[in-house]
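Modeller: I'd like to learn how to read packing and charge pairs in a model. Can we go through one together?

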Amino acid sequence: MKLYELTTAIHNINEMVDHGELELEDAVDTLSGLEMAVKEKGKNISAWVLNMRSDIQQLKIAEQQMAKRRMALENKEKRLQEYLLHNMEENSINKIECPQFTVSLAVNPPKVVVADSVLVDKLPEKFVTTKIAHTPNKKALKAYLTEGGEVAGIELVRTNRLKWG
């Protein structure tokens, strides 16, 4: 039986006892056996979850290693592009052709470069963008609600989680 089927069976037997359709003494052995089966299923599911946790940790480590490799390759690619660009510009070479590819210098559109010495508050207002982000301060809300305060639309919720020891 599946775990939910065992749970349903236990629930049904308890209802039958509650409604007097079955004597508690007659149901005790069945309930005991079903409870043991639920615990066994619980052990198996727990082992599966713990195994998945291990797999997840291994995947995270592999992802971090791959991210480091990717970043190293991206940095090397950027340095090589800058190296080639600099040397093509220094030697007035606008195009390099070969059977596999062609690389050429292209003029970028103009961009604004703001020097570090420029103070943003000294710029005219039309050249300044203000960004404001409003987010709830959950730590302060938790303290306030714990002390008995109330805020519309906000509640302090306690949920359950599984803990393996």
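This is a predicted model: local features need pLDDT of at least 70, side-chain atom pairs count only at pLDDT 80 or more; totals for chains, interfaces and linings use all residues.

Biologist: In general, nonpolar side chains tend to be buried together in soluble globular proteins. In this model the largest such core has 7 residues: Leu6, Ala9, Ile10, Ile13, Ala27, Leu31 and Leu34. Helices H1 (3-18) and H2 are the elements giving two or more residues to this core. H1 supplies the largest share, 4 residues.

Modeller: What is Ile13 in contact with, leaving aside neighbours within four places in sequence?

Biologist: Ile13 touches Leu22, Ala27, Thr30, Leu31 and Leu34.

Modeller: Now the charges. How many salt bridges does the structure hold?

Biologist: The idea is a side-chain nitrogen of Lys or Arg within 4 Å of a carboxyl oxygen of Asp or Glu. The structure holds 2 of them. One joins Lys39 and Glu35 at 3.4 Å, N to O. The other joins Glu74 and Arg70 at 3.0 Å, N to O.

Modeller: Where do Lys39 and Glu35 lie?

Biologist: Both sit in helix H2 (residues 24-90), 4 residues apart, about one turn of the helix. Glu74 and Arg70 are also both in H2, 4 residues apart.

Modeller: Is Lys39 buried or exposed?

Biologist: Lys39 is exposed, because its relative accessible area is 52% and the cut-off is over 50%. Glu35, at 43%, is partly exposed. Glu74 is partly exposed at 39%, and so is Arg70 at 43%.

How values were computed:
Residues are numbered from 1 along each chain as its sequence is written. Side-chain values use heavy atoms; hydrogens and water are left out. Buried means under 20% relative accessible area, exposed over 50%, partly exposed in between (1.4 Å probe, protein chains only). A nonpolar core is a set of buried Ala, Val, Leu, Ile, Met, Phe, Trp, Tyr and Cys residues joined through side-chain atoms within 4.5 Å. Contact means heavy atoms within 4.5 Å.
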